[in-house]
Amino acid sequence: MGESRMRGFWLRLKALAQRRRLDADLEDELAFHLAQREAQNLAGGMSPEEARHAARRAFGNVARAKETARGLWCFRALEDFFGDLRYSARVLSRNPGFSAAAI
């Protein structure tokens with residue numbers, strides 16, 4: 001049990017370093033599956049536009065699928081924390097007088 005947790009932790013750490021590549025791979029994978037469904041619909045006699053719409057309906061929400069997949073291979077809380085930290089640094093750098101008083 002402990003070994004599988006360590007492996008999962010290690011894979012998530014690697015995903016932090018390879019985020020852009022993983023996002024590109026995920027985008028390619030989803031596009032492939034949509035294209036496959038569209039091709040099946042075309043082979044079934046649908047028009048190209050009907051086939052595309054039916055493939056999207058059958059596949060479901062693409063954005064939700066992306067978020068679900070990203071949630072499996074990232075540290076969501078850690079990424080949110082660093083995003084908040086970057087945002088606060090940007091806001092404080094715009095108003096140095098307020099920043100000095102706040103700190």
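This report describes the salt bridges, the nonpolar core, some contacts between helices and a surface patch in a predicted model.

Residues are numbered from 1 along each chain as its sequence is written, and side-chain values use heavy atoms, with hydrogens and water left out. Because the model is predicted, local features need pLDDT of at least 70 and side-chain atom pairs count only at pLDDT 80 or more, while totals for chains, interfaces and linings use all residues.

**Salt bridges**

Helices in this report are DSSP runs of H or I with at least four residues, numbered from the N terminus. A salt bridge is a side-chain nitrogen of Lys or Arg within 4 Å of a carboxyl oxygen of Asp or Glu. Side chains of opposite charge can pair when their charged atoms come close. Three salt bridges are found in a search of the whole structure.

| Salt bridge | N to O distance |
|---|---|
| Arg19 and Asp23 | 3.4 Å |
| Asp25 and Arg21 | 3.0 Å |
| Glu27 and Lys66 | 2.7 Å |

Arg19 and Asp23 are both in helix H2 (residues 19-43), four residues apart, so about one helical turn separates them. Asp25 and Arg21 are likewise four residues apart in helix H2, and about one helical turn lies between them.

How far apart in sequence are the parts that Glu27 and Lys66 tie together? Glu27 belongs to helix H2 and Lys66 to helix H4 (residues 62-72), so their pairing ties together parts that are 39 residues apart in sequence.

Arg19 is partly exposed at 23%, and Asp23 is partly exposed at 23%. Asp25 has a relative accessibility of 37% and counts as partly exposed, as does Arg21 with 45%. Glu27 is partly exposed, at 40%. Lys66 has a relative accessibility of 17% and therefore counts as buried.

The side chains of Lys66 and Glu27 also make a polar contact at 2.7 Å. A polar contact is a pair of N or O atoms within 3.5 Å; within protein, one must be able to donate a hydrogen and the other to accept it, and residues adjacent in sequence count only if both atoms are side-chain atoms. Contact in general means heavy atoms within 4.5 Å. Leaving aside neighbours within four places in sequence, Lys66 is in contact with Leu26, Glu27 and Leu30.

**The nonpolar core**

In soluble globular proteins, nonpolar side chains tend to be buried together. A nonpolar core is a set of buried Ala, Val, Leu, Ile, Met, Phe, Trp, Tyr and Cys residues joined through side-chain atoms within 4.5 Å. Which residues form the largest nonpolar core? Its eight residues are Ala15, Leu22, Leu26, Leu30, Leu34, Val62, Ala69 and Trp73. H2 and H4 each supply at least two residues of this core, and the largest share, four residues, comes from H2.

Ala55 lies in helix H3 (residues 48-59). Is Ala55 buried or exposed? With a relative accessible area of 1%, Ala55 is buried. Ala55 and His33 are 22 residues apart along the chain, and their C-alpha atoms are separated by 9.0 Å.

Asn41 is found in helix H2 and is buried, with a relative accessible area of 17%.

**The nonpolar surface patch**

Patches are made of residues with over 30% relative accessible area and no salt bridge, with like charges joined within 9 Å and nonpolar side chains (Val, Leu, Ile, Met, Phe, Trp, Tyr) within 5 Å. On the surface, Met6, Phe9, Trp10, Leu11, Leu13, Leu16, Leu78, Phe81, Phe82 and Leu85 form a nonpolar patch with about 960 Å² of accessible area together. The elements that give two or more residues to the patch are helix H1 (2-17) and helix H5 (76-94). H1 gives the most, with six residues.

Leu78, one of the patch residues, lies in helix H5. Leu78 is partly exposed, with a relative accessibility of 37%.

Methods:
Areas by Shrake-Rupley, 256 points an atom, 1.4 Å probe, with all protein chains shown as cover. Buried < 20%, exposed > 50% of the residue type's maximum accessible area, 1.4 Å probe, protein only.
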